[in-house]
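Subject: The model we talked about

Hi,

Here is the structure I promised to pass on. Have a look at it first, and then read my notes below.

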Amino acid sequence: MKIIFCRWNSICEEGVTHAFERLGIPVVYLDRKFTHVDYDNSYVEALSKMLTDNVDANMVFSINYIPVIARVCNLFNVLYLSWIVDSPCFQLYSETLKYPTNRVFCFDYSQYERFNPINKNGVLYLTLGTDVAVWDKVKITEEDHKRYDCDISFIGSLYSEKCIYNEVYDRLPEYIRGYSDGLIKAQMDVHGYNFIKDSITEEFAREFKKYANWPPLGEDYEEDVKDIVADTYIGHKCTEQDRITTLNAIGSKFNIDLYTLSDTSLLKGVNCRGGADSTTMMPKIIKCSKINLNFTNKPIKTGLPLRIFDIMGMGGFLISNYQSEIPEYFVPGEDIVLYESISHLLELIDYYLKNEDERLRIANNGYMKVKSEHTYDNKIMKMFEMILDNK
């Protein structure tokens, strides 16, 4: 076995690289960004040359599905493994998804259900993981404690800079704005079930598109207008509002540190600490926080985002919003704590700040489970097993 790993400076690449090395899998790397994810002649030439020079390479791997890589692999009749870490991932709407050489691993089961019918053998389901071996090497100094110790922390975007709903809002007719705003408010009160797409019609989505006027996905893409409206517009707006509302509610009662590069002008009572890089600062913040929070982006409808595995794999105590897949892998109240509403979250924060022994026990349980079942090493080996099963 030999793999060509197409790295383009995406999340998870460093952890997966470490896993390949620990597992002793021969890998060569193509470190190159694309000028276009669908058509990039220079990238096609570079990957084609690498495949020609490495005739013993029988697989190509990347984080997220990249159609230009899929085209080359299909031409060379080489398996293309891609691990989806984003939702939505619009490259999955490409006609190239049908190629028999694809093995696309979706981390969100609802995403898997959406795209598996397009390629029964090529679209598979696999949760994400984390690099516990690296996190274990992060040692907390006295200076780190002084800098990062806190009751509660959240690391992540508020989605204000990613929310294109805000850009088109004033162009939308009043009835579309009113329905969308009502839908956002209703969805914010429900955790664990995303009903946005089910609550809009094809007619509503097409009307929304007239005013949003987004550029076409590509001539060989199957555009799902309802998906785009529900996830990229309304879904991201719901994430933005949910995070702002939840953080303000916490900040009114507790001491919370927020690490983000987003605009924080709408927050009150929250200690805004600026950005935190994911390799050096993030593990120290998580290890120094009594309570770590996860707020899942709404387009991730059922699955576990990467942050859950990172926090638990670093030994952090985690309170997360409920996602329907979480109980399949972790026991609520034993490995992880889940909330079902903002008022419930506030009650849980108050309880676990006062019960340190229980908090530490749950954090250790979660850490041990991630270390034994959810490392990148585990998941890479699972990929190979699934590939053999789907031949």
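How many of the 8 residues of helix H12 (residues 306-313) are buried? The count is 7, so that helix is mostly covered. Buried here means under 20% relative accessible area, while exposed means over 50% and partly exposed is in between (1.4 Å probe, protein chains only). Helices (H or I, at least four residues) and strands (E, at least two) are DSSP runs, numbered from the N terminus. Among the buried residues of H12 are Leu306, Ile308, Phe309 and Met312. After H12 comes glycine 315, which has a positive phi, near 85 degrees.

Before the rest, some ground rules. This is a predicted model, where local features need pLDDT of at least 70 and side-chain atom pairs count only at pLDDT 80 or more, although totals for chains, interfaces and linings use all residues. Residues are numbered from 1 along each chain as its sequence is written, and side-chain values use heavy atoms, with hydrogens and water left out.

**Two threonines**

Start with threonine 239, which sits in helix H10 (residues 225-251). Threonine 239 counts as buried because its relative accessible area is 1%. Its side chain makes a polar contact of 2.7 Å with the side chain of asparagine 297. (A polar contact is a pair of N or O atoms within 3.5 Å; within protein, one must be able to donate a hydrogen and the other to accept it, and residues adjacent in sequence count only if both atoms are side-chain atoms.) A polar atom of the threonine 239 side chain also lies 2.9 Å from the backbone nitrogen of lysine 298. Contact means heavy atoms within 4.5 Å, and beyond four places in sequence threonine 239 touches Tyr159, Asn297, Lys298 and Pro299.

Now go to threonine 302, in the loop between strand S10 (289-294) and H12. Threonine 302 is buried too, because its relative accessibility is 17%. Its side chain reaches two backbone nitrogens: that of tyrosine 109 at 3.5 Å and that of serine 110 at 3.3 Å. Leaving aside neighbours within four places in sequence, threonine 302 is in contact with residues including Asp108, Gln323 and Glu325.

Strands S1 (residues 3-7) and S2 (residues 27-31) run parallel and are joined by 5 bridges; two strands pair if DSSP finds at least two bridges between them. Phenylalanine 5 has tyrosine 29 as its bridge partner in S2.

What about the holes? On a 1 Å grid over the protein atoms alone, a cavity is a set of points where a 1.4 Å probe fits but cannot get out, and a pocket is an open set with protein on both sides within 12 Å along at least five of seven lines; lining residues have an atom within 4 Å of a point. Grid points are joined across faces, edges and corners, and a volume is the space filled by probe spheres set on the points.

The whole structure has 3 cavities of 30 Å³ or more, and the largest cavity holds about 90 Å³. It is lined by 13 residues, and those closest to its centre are Gly192, Lys298, Ile300, Asn321 and Gln323.

The second largest pocket holds about 340 Å³. Of its 20 lining residues, Ser110, Arg114, Asp227, Asp231 and Lys301 lie nearest the centre. Helix H4 (109-115) and H10 each give two or more residues to that lining, with H4 giving the largest share, 4 residues.

Cheers
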